Amino acid sequence: MTRRTKIAPSILSADFGRLADEVRAIGNADYVHVDVMDGHFVPNLTIGPIVVEAVRRVTTLPLDVHLMIEDADRWVAAYAKAGADLIGVHVEACPHLHRTLAQIKELGKRPCVVLNPATPLESIEYVLADVAQVLVMSVNPGFGGQSFIGSALDKIRRLRKMIDERGLTVDIEVDGGVKLDNIAEVCAAGADVIVSGSGVFGTADYAATIDELRRRGDRARA
């Protein structure tokens, strides 16, 4: 039986002046996606553990925290303490990736490994059994509102095959430029979890958009 498509709105596109209300308005989502950027690994600076703590206080949804930062080992514990449920770290930023993923698991959180658009799947071959989720970036990380990079579809298909051939229960998450008009092809390629920032927060009715994203994703994955 095909599991339902999970929707993870990215608060990077929310109105931070009324963040609590924005988070409450996506209560029918599956995750709250939190993009953490340090101005070094990516050319943007966003939020820290204090904001994650604030988000944790206003929702019971799992927090899917994406660390786009250097020296992730140093910060994993702080984000775990702040209330993250899933913690994603980049292959490109973790020279000792297996150790970092093990640290996340030891903290009682679900580890996620993240791949930039130009990073090959071979880089995660030996940690695939150690993660709950693989996040495929379909834009270059750093800014919201970018267009989907089409070559990500082939990467998603190949990753789906790798996971299935190994008999693993690892979710494929896709982040970047996914909206109502292209979610079907992304889910048909094998995605389980869809991150959408402006695709949700740029619409008039967040809850209705989330429901429609899920419906189109489910139909494509059936």
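Author: A nonpolar core is a set of buried Ala, Val, Leu, Ile, Met, Phe, Trp, Tyr and Cys residues joined through side-chain atoms within 4.5 Å. Keep that in mind, and note that this model is predicted.

Reader: So what makes up the largest nonpolar core here, and which residues have the most contacts inside it?

Author: That core has 62 residues, and Ile11 and Val89 have the most contacts inside it. Helix α5 (residues 152–165) gives the most to this core, namely six residues.

Reader: Which residues does Val89 touch, leaving out those up to four places away in sequence?

Author: Among them are Leu67, Ala72, Val76 and Cys112, plus Leu97, Thr100, Leu101 and Ile104.

Reader: Why is the pair of Phe201 and Tyr206 called edge-to-face?

Author: The planes are 75 degrees apart, and over 60 counts as edge-to-face. The centres are 5.0 Å apart, and the limit for pairing is 6.5 Å, so this counts as a pair. A search of the whole structure finds one aromatic pair, by the way.

Reader: Are Phe201 and Tyr206 buried or exposed?

Author: Buried means under 20% relative accessible area. Phe201 is at 9%, so it counts as buried; Tyr206, at 14%, counts as buried too.

Technical notes: Residues are numbered from 1 along each chain as its sequence is written. This is a predicted model: local features need pLDDT of at least 70, side-chain atom pairs count only at pLDDT 80 or more; totals for chains, interfaces and linings use all residues. Side-chain values use heavy atoms; hydrogens and water are left out. Rings of Phe, Tyr and Trp (its six-membered ring) pair if their centres lie within 6.5 Å; planes under 30 degrees apart count as stacked, over 60 as edge-to-face and the rest as tilted. Buried means under 20% relative accessible area, exposed over 50%, partly exposed in between (1.4 Å probe, protein chains only). Helices (H or I, at least four residues) and strands (E, at least two) are DSSP runs, numbered from the N terminus. Contact means heavy atoms within 4.5 Å.
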